[in-house]
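Here are my notes after a pass through this one, in the order I'd go through them with the structure open. Have a look first, then read on.

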Amino acid sequence: MPSYDVLGVLNNLGIDTSNIRNGNIITRCPLNINHKRGDKKASFAIRLSDGVYHCFANCGDGSLLQLVLLMRGGDLDDAAQFIIADRLKEDFFKEINQEYSDLETIDLSKFDFENTYKYILDRGFTLETVRKWHLGVDDSDMSVVIPVYFQGEPYAYIKRYVVGQKRYHNMPGEWRNSLLFGYDQFEPIDGWVNLCEGAFDCIWMHQQGFPNTVASNGSSLSDSQFKLLKGLGVGIRICYDNDDAGNAGAIKIAKKYGRYIALERVNFPIGKDAQDIKDKLELENLIYESRGKKFRGFVPQMVSSNN
């Protein structure tokens with residue numbers, strides 16, 4: 001299921017959504033391209049699960065994004081923003097452009113997701129970082145929404161749940177294995193690329209002064225992602241979590257790609273990741289200690305799953 005509200009988007013477009021049959025909305029064609037006298041027979045079907053549409057009078061078919069573009073005009077970014085407008089709530093941050101210490105004096109009742117915004121800021125992220133990365137919330141399930149951009153276009157979204165046992169939800173698709181989170185925001189520093197597992201770690205590294213950081217969307221690296229990494233620097237500094245999954249992922253990278261590019265491994269404290277290191281100087285020292293030490297897949301502090 002998509003992270004956006006298909007029914008809400010259609011209603012915002014002014015499309016009649018009252019007639020739902022077998023998971024499809026049957027309505028009059030809003031495009032009206034091949035209807036000489038208008039669509040009087042309701043020949044337009046929209047799949048409620050993802051917004052894919054089809055006109056039986058040959059006006060065309062396509063995705064929800066294409067439908068928004070055809071009906072509203074504008075560019076791809078405008079259409080994407082229209083679809084997820086209720087999720088990112090960027091206008092909210094324009095209204096509360098203040099420091100976290102001032103939040104207690106602001107009336108957040110009308111937004112109904114105060115705890116979710118506090119979760120973002122309690123983790124140490126600044127409002128400047130929130131705006132830079134377009135972080136938002138989905139108040140329907142109490143989750144932080146992290147958009148994934150590539151070459152200036154929004155491709156996917158990651159959710160980080162604030163409550164409950166489930167932590168993350170990634171928008172379905174192959175993007176996880178083909179894109180690097182933070183690729184568009186990457187800035188070279190020392191010729192090396194810091195590679196984290198997750199989006200929050202990547203964002204945290206940027207905030208702490210390491211804009212030469214991207215994330216692989218998990219503890220594995222695909223060939224497509226490796227090609228992108230090679231184009232960013234002369235070496236990869238693996239900043240995966242120091243846990244079983246992170247260490248196993250680092251070893252796989254060393255074995256598979258170590259012959260093609262220089263590798264270093266940042267050795268975080270056992271069980272910790274980049275976002276756990278709140279002190280900037282400590283983070284700098286951990287990165288500094290990894291420099292010049294070639295990583296060939298040996299992890300001296302492997303965490304046992306039996307511990």
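Predicted model: local features only at pLDDT ≥ 70, side-chain atom pairs only at ≥ 80, totals over all residues.

1. By class, the lining of the largest pocket has eight charged residues, five polar ones and four nonpolar ones. That pocket has a volume of about 410 Å³. Its lining is made up of 17 residues, and those nearest the centre are Arg 167, Tyr 168, Glu 197, Gly 198 and Ala 199.

2. Which elements give two or more residues to that lining? They are strand β9 (168-170) and helix α9 (199-207). The largest share comes from α9, with three residues.

3. Now for the salt bridges. Side chains of opposite charge can pair when their charged atoms come close. The count for this model is four salt bridges, and I'll go through some of them here.

4. Arg 237 counts as buried, at 1% relative accessibility, whereas Asp 190 is partly exposed at 31%.

5. Arg 237 also meets Glu 264 in a salt bridge, again with 3.1 Å from N to O. Here the partners sit in two strands, Arg 237 in β12 and Glu 264 in β13 (residues 262-265), so the bridge ties together parts 27 residues apart in sequence. Glu 264 is buried, with a relative accessible area of 5%.

6. Another salt bridge joins Asp 223 and Lys 256, whose closest N and O atoms are 3.2 Å apart. Asp 223 lies in helix α10 and Lys 256 in helix α11 (residues 244-257), so this pair ties together parts that are 33 residues apart in sequence. Asp 223 counts as partly exposed at 42% relative accessibility, and Lys 256 is partly exposed too, with a relative accessible area of 44%.

7. What about Arg 123, buried but with no salt bridge: which side chain of opposite charge is nearest? That would be Asp 201, 5.8 Å away, and a salt bridge here needs the nitrogen within 4 Å of a carboxyl oxygen. Arg 123 does have a polar contact of 2.6 Å with the side chain of Gln 275. For orientation, look for Arg 123 in the loop between α6 (114-122) and α7 (127-132).

8. Last, some backbone angles. Most residues other than glycine have a negative phi. Gln 151 has a positive one, near 55°, and it is found in the loop between β7 (143-150) and β8 (153-161). Asn 217 is also positive, with a phi of about 60°, in the loop between β11 (213-215) and α10 (223-230).

9. Are those two residues buried or exposed? Gln 151 is exposed, with a relative accessible area of 61%. Asn 217, on the other hand, is buried, with a relative accessible area of 10%.

Definitions and conventions:
Residues numbered from 1 in each chain as written. Heavy atoms only, no water. 1 Å grid on protein atoms, 1.4 Å probe; cavity = no way out; pocket = protein on both sides within 12 Å on 5 of 7 lines; lining within 4 Å. Points joined across faces, edges and corners; volume = space filled by probe spheres on them. Helix = DSSP H or I, 4+ residues; strand = E, 2+ residues; numbered from the N terminus. Nonpolar A, V, L, I, M, F, W, Y, C, P; charged D, E, K, R; others polar. Buried < 20%, exposed > 50% of the residue type's maximum accessible area, 1.4 Å probe, protein only. Lys, Arg positive; Asp, Glu negative; His and termini not counted. Polar contact = N/O pair within 3.5 Å; in protein donor to acceptor, adjacent residues only side chain to side chain.
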